[in-house]
Amino acid sequence: MTDLTNTVNTADRAEVADTASRDRRGASSIRMQGLRKQFGRDSIALAGVDLDIKAGEFFTLLGPSGCGKTTLLRILAGLEEADDGQLTIGGKDVIDMPPHRRSVNTVFQSYALFPHLSVRDNLAFGLRMRGEPAAERNRKVAEVAEFIKLGPLVERRVDQLSGGQKQRIALARALVCEPDVLLLDEPLSALDAGLRGQLQVELQRLQKRLGMTFVFVTHDQDEAMVMSDRIAVLDSGIIQQVGTPSEVYEHPANAFVARFMGHDNLFAITASEDNWVDTGLGRLQLDPAEQRDTPDGWLLIRPETLELGGDVPADYNRLEGTVEERLYRGSRIEYRLTVNGHPLTAVAGNLGQRIHDVGDRVTIGICPEDLVRVAA
Amino acid sequence: MRKRTLKRSSLRRALTAFWWLTLIFLYLPLAVVVLFSFNASNSAASMTGLSLRWYHQLLGNEQIMAAFGNTLILALCSSVIALVIGCLIGYGMYRHRHRKLGWLIVLIYLPIVLPDIVFGISEMAFFVQFHRLTGLLQPGLGTMVIAHVTFQIPFVALIVYSRFVGLDPTLFEAAKDLYATPAKRVVHFMLPTIKPALISAFFLSFTLSVDDFVISFFTAGPESATLPIYIWGAIKKGVSPEINAIATLMIGAVAMAAAISLLFNRKRQS
Amino acid sequence: MLQTSQTASRRHAVVSETRHLLFTVTPGAAWIIVFLVLPSVYLMAVAFMTNGPYGLPQLPLSLNSFEQLAGVGFLGWSPGNLYTLLRSLWQTIVATGLVVLVAYPIAYYITTCRARWRPIMLLLVVVPSWTNQVIRTFGWMNLLAPGTPLSNLAEILGLISPNMGLYPSNFAVTLGLVYNFLPFMVLPLYAAFEKLDTAQVEAAQDLYAKPVRAFWNAVFPQTLPGLLAGVVLVAIPAFGMYVIPELLGGGKAMMLGNLVATQFSGGSNWPLGAAGAILMLIATFIGLFAMRRIGKRLGGGEEVVI
């Protein structure tokens, strides 16, 4: 929680700096209002998007393929024209500004390094196009090469690089221009898992060090949660939820967001009264804060909140289930249970407690405060 | 099993023999031209000894030197014009490839599929009538350049087009994203990227121009004979051994081009 | 208010895209239209005019030229032009057939050689066609003239009458055509062989006892698109060939191309020449059309790009 307020503070400070003086890397805020985009006659990519991104924030657009996240990013870059709506970056209206005049740079999914240029010339391309003097250019390129730890790669030809190296160079090529906003279009999707995890951490550190506004696009919810200050989940051109990773994960706004964030334990609510709800699992007690007037929606149970076996405290919900499958994952153990004929997944940390066998009957304790109601 | 491999190897030996025979078939006429260019006598049927006299005669022949000059000027001018026009149209075809451009494709393929002779006489008939009506476009190097550019454009356009199609389309966006204005995109991104295609398009145009006889023949004026036209005339008048010498020089140029392209290929492979 | 300015900017984008298309495409398209389409249209019109003095066309419109092409003249019907047409057709068919017979094993042989040799072998096949057509044909004149070893050999074998030489003759024209067009057939066939599905061929070898049947059932159908592309690349220009029959054929081996060219170079009869050109165009487009149809039916549509 403290960490979160910290980021907001830095963001605020950055915004102040932004309006006061823009000589150094000025992080910029982004404001989108009613952005619409349609391809052809009936393929709607964006159905009216309103979104505010704070200066200096690591912001992620998350969603399945075809949800409109890439279109939104391309509109920010100026590579796509919105049919309707407004867009300001750092308080400036940029909706009609061509991409080469926007202080926004993109790291493309395919990296898009120029094959006819060396790594050094690729890095210098943006500065050269902006007409910066050669001495300044060389200094900045050397600086960014040092910063991203490119080392001897700078002299190479582009076709001699590995995927991970190309990715870093694409990033450096965008960073060296010191844009107000950096856009990243699934830049890690082509890399293998190990390298990917490493670069996720690196990218996040880098963003914090620079204090630059990053807008990141991905379809991988783990990646989004690890890296972002805030996440916007999109589906069919509509923003489903905006929030911090913990908000989106723990309190998904609707069933789509919940499923997309990887939740399996969703149960339709058939009836509710005060802070009691009926589901396929049985009657369960919720925290009074989750009380709603209508009996619709879903109940979300996070697998890691379930307590298996042992004594169930009196104020907890108590269920009984059968272990159908057990997946040993080292640091944790995943159980696939059935409760009243409904599948339920539970995850227990591997802390040396009793391991249940397939076929065991187990008691399940659920703290009412861990139960979340989710809109349909 | 044994029998089968035996049969295979005998088939293979037959194929190898056939390959060498075909090579002899392909190179024999050229070899004869080269050989007779060093013939001491002017007999076309037998070698009487080696000499360079036909090459000496070449240098003194003003008509041949003029034809040589015309060939070069024609090839150079037409290739440069075709490169500019073909490059533009190739890029247009790429950039607007999602539109319906069927008519353009037909137009571009027309010079390729039209038989040489129809191509040549159409131009000739057109130029003659146009000149009668307006006094412009008198048959000569000018009309030849026009005709050559017409058959070179499609090749340049198709080479440039296929180079663009082979590029990652996000490169164009990356250039925009990195502050390149439309003009700078052309100079710093597009032209450098398609440079290899431009070079090969230029050389192909040049070769096509030097190689062409039929279209040149029908669009030429009295003063604008190229080497192929001169050779044609000389053959028609009765074979002069000098022709062997010019022909040998042209074969030499082709052999050099072949060697260069081979080296180029090797370098790319390694 | 906002809405209208947005649509205006979009309309502006469409207009500028169209302007871009026109800017890039117009010079080339206009060049081809003015210097090739218009002349061709004019030529076609000439075919329907009457022959005037000095061979130049004049009104009134008539079908005289087509009658002349069919052989109708002042002195009644003569078969000369018809023979020329039939000879063109016959030479095209024979030469194309021979080119296939030579190119097929050659293309196959190249694919069986080591990968590093293949580009060199292809280059060896193609290089002669880089030299000027007139020079290549001149080489054959040297080889086939009376008194040369080849002519002497043919004389000894009793194939030709004494002191005639192998050229000028119909045979020399066929030879020249085969020589000229061989690379045009080898290249598409080579491409087809290179793409050959070897698994299918091996399966066929297991399936059919005789290699001949394996060939007809597994190999040949797969190379058919390449073969057809080659046939079009050879047959269309062969039908309109001018240089080779002119140099190697002499007066007795004229083809349609010579008939057409004579009407223009001698200045004798433009409408007749234009009528011949129309015939050639019709043959060309029939060839291309048939090719597309067959290519589509074989499912190899995009391989048959000409």
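Which residues touch the most other members of the largest nonpolar core? They are Val215(A), Ile121(B), Val156(B), Ile231(B) and Phe181(C), in a core of 248 residues. A nonpolar core here is a set of buried Ala, Val, Leu, Ile, Met, Phe, Trp, Tyr and Cys residues joined through C-beta atoms within 7 Å; buried requires 20 or more other C-beta atoms within 10 Å of the residue's own, with C-beta atoms placed from the backbone.

This is a predicted model: local features need pLDDT of at least 70, side-chain atom pairs count only at pLDDT 80 or more, and totals for chains, interfaces and linings use all residues. Residues are numbered from 1 along each chain as its sequence is written, and chains are lettered from A and ligands numbered from 1 in the order in which they are written.

Take Val156(B). Leaving out residues up to four places away in sequence, Val156(B) touches Ala82(B), Leu83(B), Gly86(B), Cys87(B), Gly90(B), Ala201(B) and Ser205(B). Contact means C-beta atoms, placed from the backbone, within 7 Å.

Now the interface. 61 residues of chain C are in contact with 62 residues of chain B. On the chain C side, helix 1 of chain C gives the largest share, 17 residues. Helices are DSSP runs of H or I, at least four residues, and strands are runs of E, at least two, numbered from the N terminus. That side divides into 45 nonpolar, 15 polar and one charged; Ala, Val, Leu, Ile, Met, Phe, Trp, Tyr, Cys and Pro count as nonpolar, Asp, Glu, Lys and Arg as charged, and the others, Gly among them, as polar.

Definitions and conventions. Two residues are in contact if their C-beta atoms, placed from the backbone, lie within 7 Å. A residue is buried if 20 or more other C-beta atoms lie within 10 Å of its own, exposed if 12 or fewer, and partly exposed in between; C-beta atoms are placed from the backbone.
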